[in-house]
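Reader: Please take me through how the copies in this model are arranged, with the criteria behind each term.

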There are 2 protein chains.
Amino acid sequence: MGKEITSRSENYSEWYQDLVIKADLAENSAVRGCMVIKPYGYAIWEKMQRALDQMFKDTGHSNAYFPLFIPKSFFAKEAAHIEGFAKECAVVTHYRLRNTADGKGIEVDPDAKLEEELIVRPTSETIIWNTYRNWIQSYRDLPILVNQWANVVRWEMRTRLFLRTAEFLWQEGHTAHASAEEAMEETTKMLGVYADFAENWMAMPVIKGVKTANERFAGAVETFCIEALMQDGKALQAGTSHFLGQNFARAFDVKFTNKAGVQDYVWATSWGVSTRLMGALVMAHSDDDGLVLPPKLAPIQVVIVPIYKNEEQLAQLNEYSQKIKKSLEARGISVKYDNRDTHKPGWKFAEYELKGVPVRIAIGPRDMENHSVEVARRDTKEKAVYQVVDLDVKIEHLLNQIQENIYNKALSFRETATWKADTMAEFTDILDNKGGFVHAHWDGTTETELKIKELTKATIRCIPLDNKPESGSCILTGKPSTQRVVFARAY
Amino acid sequence: MGKEITSRSENYSEWYQDLVIKADLAENSAVRGCMVIKPYGYAIWEKMQRALDQMFKDTGHSNAYFPLFIPKSFFAKEAAHIEGFAKECAVVTHYRLRNTADGKGIEVDPDAKLEEELIVRPTSETIIWNTYRNWIQSYRDLPILVNQWANVVRWEMRTRLFLRTAEFLWQEGHTAHASAEEAMEETTKMLGVYADFAENWMAMPVIKGVKTANERFAGAVETFCIEALMQDGKALQAGTSHFLGQNFARAFDVKFTNKAGVQDYVWATSWGVSTRLMGALVMAHSDDDGLVLPPKLAPIQVVIVPIYKNEEQLAQLNEYSQKIKKSLEARGISVKYDNRDTHKPGWKFAEYELKGVPVRIAIGPRDMENHSVEVARRDTKEKAVYQVVDLDVKIEHLLNQIQENIYNKALSFRETATWKADTMAEFTDILDNKGGFVHAHWDGTTETELKIKELTKATIRCIPLDNKPESGSCILTGKPSTQRVVFARAY
């Protein structure tokens, strides 16, 4: 193969990087911090997009598109947004190039300086709420339920493919409502959509929770999130949904006349997931041999590899395999038949393991005689001989089983990596030696939260929505606490 | 309605602008030259994307994603590309903002200046061919058949919604091949895909042709295009497909070992269509009452409007209409049932005419009694009473008829607006008084082409692929010519 991957136990971070590159998901580009998403990686992202987009439409949302550029002054309009939001942005200052005097190169034309600099959007609340001002006069114009699929740029200094890149792809929902209750309902509804997608498509269990004030989105009144656990025991925030109150409406003067005829500011939400999910997908399930993809997101769900010794056998296998391929495709299963004579079966097996294809079917002359095929599943590496009768139904069933098994495996991993800590000593011991989610009491102050982060590098991932009240004392300060919150080291 | 649209005869350009805005397709944003694509407009674009994307996949292409930013030096690598490509680009020079000294605003941090400026991609040949260098070693790595859906920026000074905007959405295919023949085959195949899409989805007849050297894409060996005729007699270039030869491979040093073991530069194509097609769609078919959308691209294909005098009637109509809606939806037809009590039927009729909904079904109590409905088609404004028996089949048939009729109407318009001119006097008279495509002899020189443009504002749209040889003399210089070429004033 020549595609050696560092093992997880050796170096988890290198394993991840190796896998993303060797499985042809993405690579670094010539532009610092920006990635190239390769066809195989993009095919997975397209499947994610397609599923999410349908879920957004089923919950009443429409797509729209807003400008890539945002006037600099817009960011200064919402105080918390400007204060809290990272200032690492790509800034457009000029709009023309010209030939250099020697005619050999190009340079920025100093005469083409913009009056006001434009920021490449790091997120679009400001430009969208500036637009909504003209769309909304009365309660009859509400709600506005809009989503945008777009690229955004945040000038990160230390980047990692998918997990943290200067440019990334995402969707951002921006909704406008006539009441706080309705906006809050939207916020939690979309959090539910994200959790549903993470669990039922990505096969990745998540905790739904609310962020502490310190971890809140800049400009939000309340930030909700889904948090997943990676195999190295670190948490990954997989999606956020923000209740923005009237903050952006106030900043951009977006008012409406309510049913009582009284003017009020409009209520807002925003919510997003990004290509970061690709990183989460890789890290949640894959192993030292390559990707493990949940069938629902696998670009190729089944690969068929013929095993033959001569041209005559191959011709027979081609016919036999094409029939199987068609019967599987008729059930909506995506199938690749790989009869290339440039590579040996063993090479192909390793290649499709690397690429995370959920089911491999190998067929040799004796299988044909016996009306059978050899079926190998990627998740457990188990092999079995299947009779070809009703193979389509059996494979469909197997794909569902694999989807479920991958989820259950991730869920039990999370269960064994979820702890309670009642002292700082316990807390630190778990983080240093075991990893995972640590439920611990906290006194509710930002000061304590930051101190714990400083001491342990762990942050409060969220306060779970289904949290049960429990009296206790803060692991750092000993002050009283009414509930445990979820800590972890995180991506 | 309060949504008066300027008539086409009064002012075609204002009619277009009114229509785009009042039908909720798009609007100008706070950022000069950048548009907001509104949900209704975006829904049409999504239908275009979905259809094109499937056609690309059916012809063996995969999607991928390359960086938004391109290092300035990349543009200087391909001589014709830098020379010919517009230099009006958005230039990123800094990567950080900071708070102003007074704490009230933000400003560009002068310490965060990039070593090399980044250009927001106006097109991606350079960054993609720089990437392909690492993907290609041997003929076994070829062909690469990749497409990208992306936003691009060209700093246009005079912009018009969809037709010419600073930022626009598009797709750009970039393929790599082992031979000139294969690359040329790809170039014309994708031109064929565009023509197929324009004619069979947009219901817009197009001429397939090749551009003159003067109108060629910067860096291309040959540029092919599809040209459509708008209702004001002006041409619109609706898509281009470029045979790039080995130009970009040479500029970015992309070589491969061929089957004979010899190193050679890789052959390239690129091809694209953009949100400009939205403008073409509007201008090709719509009338003074609003949009006329071909059913295959209409977000709502059928609207049902109940006509009632009281709540009891409405309740009955709701039940009756929902049954009809479901039966239509079961055939894959998208249906909206508009029973809002905030607007009168007449208002709704005008609204859906404005929005270009192909079929309107009105149902009153008497229709219910008679087991009938009133069906109005948007394209011809004809109304007819249909019995509800097999209504789904009849409506499906009607939608196909409308699709065909819109195409035929555009085709016969083009036929009546296609002329031959043999002298400059005839040529100018047609352009000034009739408009349309003018087939005329030309001596084949760029000098003559530019002179004719200067005198008449008409350009050579293309040399049709199916052109017949014909001896004649150039309308300007009288020099011999072997074929007529297609001139027009253009968008």
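**Pairing and symmetry**

Author: Strand β5 (residues 91-94) of chain A runs antiparallel to strand β5 (residues 91-94) of chain B, and the two pair over 3 bridges. Strands are DSSP runs of E of at least two residues, helices runs of H or I of at least four, both numbered from the N terminus, and two strands pair if DSSP finds at least two bridges between them. This is a predicted model, in which local features need pLDDT of at least 70 and side-chain atom pairs pLDDT 80 or more, while totals for chains, interfaces and linings use all residues. Residues are numbered from 1 along each chain as its sequence is written, with chains lettered from A and ligands numbered from 1 in the order in which they are written.

Reader: Which residue is the bridge partner of A:V92 in β5(B)?

Author: The strands concerned are the antiparallel β5 pair of chains A and B. Within β5(B), A:V92 is bridged to B:V92.

Reader: What relation superposes chain A on chain B?

Author: Superposing by least squares on the C-alpha atoms of residues with pLDDT of at least 70 in both copies, a rotation of 180° with 0.0 Å of shift along its axis brings chain A onto chain B, at RMSD 0.0 Å. That relation is therefore a two-fold axis.

Reader: How many residues of chain A are in contact with chain B?

Author: Contact requires C-beta atoms, placed from the backbone, within 7 Å. Of the interface residues of chain A, 100% are also interface residues in chain B, so the copies meet through the same surface. Chain B contributes 51 residues to these contacts, and chain A 51.

Note on methods. Two residues are in contact if their C-beta atoms, placed from the backbone, lie within 7 Å.
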